[in-house]
Amino acid sequence: MCTAGAQPWSLSKVYLYNTAKGVNGFCKDAQIFVALCNKFAIQGYVRAAGCRISGERNSERRMSIGSFVSSRLSLRGEARGRWAPAIAVAVGGVALSLLVMLLAVAVVCGFKNEIKHKIMGFDAEVAIYPLGGYGAPDDDRATLNSSMQALISAVADDVGAKPRVSLVISTPGMLKTDNDFMGLTFKAFDSSYDWAFERGNLIEGELPDETDPSGIVVSQSVADKLQLHIGDKVGANFFIGETVRPRKFTVKGVYCSNFSEYDNLVAYAPRAQFEKMLRLEPDEGWRIELRDVDEDLITPLAERLQFHLNAAYAASRIPVPYAAVTVFSSGAVYFNWLAMLDTNIVVIMVLMGCVCGFMLVSCVIILILQRIRMIGILKALGATDRQITGIFLRLGCRVTLWGILIGNVAGLGLIAIQKLWHIVPLNPQSYYLSYVPVELSLWHWLILNVSVLVLAFLLMIVPAGIIGRVSPSKVMRFE
């Protein structure tokens, strides 16, 4: 047992060696703590009852007075093992706020990425059109010869892009059955094209094959309207100049992207059919497409390409002028719509931040009012407002951390379930997707968690100002 002879002590210099069992009652009655201080105060330290001074200094854990007191204060109510109602509500508010934020960010990011993937599947990230064939019918054709390939490669290397370059034929036509007809755009690609996007949308049959020039792939919506099935023969008319050229095709495949604006417009066919009909050379087409370009490199690549294409045309190195068009221009309507979703995220974040802040501020106020007599006792012992404020901020942080933990477990669990099993469906006619997509990056997760923690700490400082107005002489008169 520590002996007497203690000097007058100040709580600003007090350290507690937390190896004792006799101070656990402090959370119920602050007077026990006062008795311990008076009994064991020596040289500016308080050693709790039962501590061994000799030979055990290395095993003793030193903590500040704020850490000691806050660690002894319980968040549980009178019902053993349960949080007090105010604490439970605060933890639930923080957890709910973080849960909604995680779900909102995951859904919006997933939705935007899926829609962008579909748009960039139908429209290349960068497309090079001959100016005569861009916006008006003309006989100008895009030529992907060695000089054009060298120009594209040099510009792509300058901006750090590694695009896949392919030559595309795109021509309007009309599919006609005995009972109905429908206008479409027929697309054909060269041998270097990667059919990964189209293969992912294929629901029946197979993709076009150069060994079968008459095979085409149509969308599910077109097949339903024209009552077409795999293996059916269907006629098509193409308007070349002022002449109409009929052709016969066989339906080899059916795709569905749920993007009705494109599904109702696009059909795929072998290139050989159109080379012969349009009298194209193997290195000629209606446009040159550059795919697999990082989103942040699309605009710089298009701008540099346009500059070099203009210079090459001025120097007569290419026969016709070209326009480099980005997917942001060709799909501007959709990208503007996606940009509006960011506003929804901001609104949700603000609302959930307000909910989280209100819950925590209320919680800290209740904690302070429940322990108002303890605050008076600590002030009488010489504790500063800053030290006492630190005690309640630590309690608030414990509440916040519990809420963050529960919110993360619930939010990440729901995101994982939706990502794996797609349990929440969507109407593809309205949203272009058959299920709610979710995607949450590590950076978004970290930013959300840190933001909630910092916001909670800053908001909890506000109600802590009540401590400065507590008068020890008044609050200690009452039981």
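I looked up threonine 177 and found that, not counting residues up to four places away in sequence, it touches Leu226, Leu228 and Val234. For contact I used heavy atoms within 4.5 Å. Threonine 177 sits in the loop between strand E7 (164-176) and strand E8 (181-189). I took helices (H or I, at least four residues) and strands (E, at least two) as DSSP runs, numbered from the N terminus. Threonine 177 counts as buried because its relative accessibility is 16%. Buried means under 20% relative accessible area, exposed over 50%, and partly exposed in between (1.4 Å probe, protein chains only).

I noted that this is a predicted model, in which local features need pLDDT of at least 70, side-chain atom pairs count only at pLDDT 80 or more, and totals for chains, interfaces and linings use all residues. Residues are numbered from 1 along each chain as its sequence is written, and side-chain values use heavy atoms, with hydrogens and water left out.

**Whole protein**

I counted 16 helices and 16 strands in the protein. Of its 479 residues, 46% are buried. Among contacts with a separation of 6 or more, 77% are between residues 24 or more positions apart. The accessible surface comes to about 24600 Å², and carbon and sulfur atoms hold 58% of that. Accessible areas come from the Shrake-Rupley method with a 1.4 Å probe; for residues, only the protein chains shown count as cover.

**Threonine 326**

I looked up threonine 326 in strand E16 (residues 322-326). Its relative accessibility is 10%, so threonine 326 counts as buried. Leaving out residues up to four places away in sequence, threonine 326 touches Glu125, Val126, Ile298, Thr299 and Ala302.

**H11 and H15**

How do the axes of H11 and H15 cross? I found that the axes of helix H11 (residues 332-370) and helix H15 (residues 442-461) come within 9 Å and cross at roughly 45 degrees. H11 is therefore oblique to H15. Axes are lines fitted to C-alpha atoms, for helices over the stretch in contact, and angles run from 0 to 180 degrees between N-to-C directions. Angles under 35 degrees count as roughly parallel, over 145 as roughly antiparallel, 65 to 115 as roughly perpendicular, and the rest as oblique.

On the H11 side, the residues in contact include Met349, Gly353 and Leu360, and on the H15 side they include Leu448, Ala456 and Met460. This contact divides into 11 nonpolar, 2 polar and no charged residues. Ala, Val, Leu, Ile, Met, Phe, Trp, Tyr, Cys and Pro count as nonpolar, Asp, Glu, Lys and Arg as charged, and the others, Gly among them, as polar.

I then looked at leucine 360, which lies in H11. Leucine 360 counts as buried because its relative accessibility is 1%. Leucine 360 and alanine 456 are 96 residues apart in sequence, yet 6.9 Å apart in space, C-alpha to C-alpha. Beyond neighbours within four places in sequence, the contacts of leucine 360 include Val94, Gly396 and Ala456.

**H12 and H13**

I found that the axes of helix H12 (residues 372-380) and helix H13 (residues 385-421) come within 10 Å and cross at roughly 145 degrees. The crossing of H12 and H13 is right-handed. Met374, Ile375, Leu378 and Lys379 of H12 meet Asp385, Ile388, Ile391 and Phe392 of H13. Here I counted 6 nonpolar, no polar and 2 charged residues. The buried residues of H12 include Met374, Gly376 and Lys379. Just after H12, glycine 382 has a positive phi of about 110 degrees.

How values were computed. Left-handed = near helix turned anticlockwise from the far one by under 90°.
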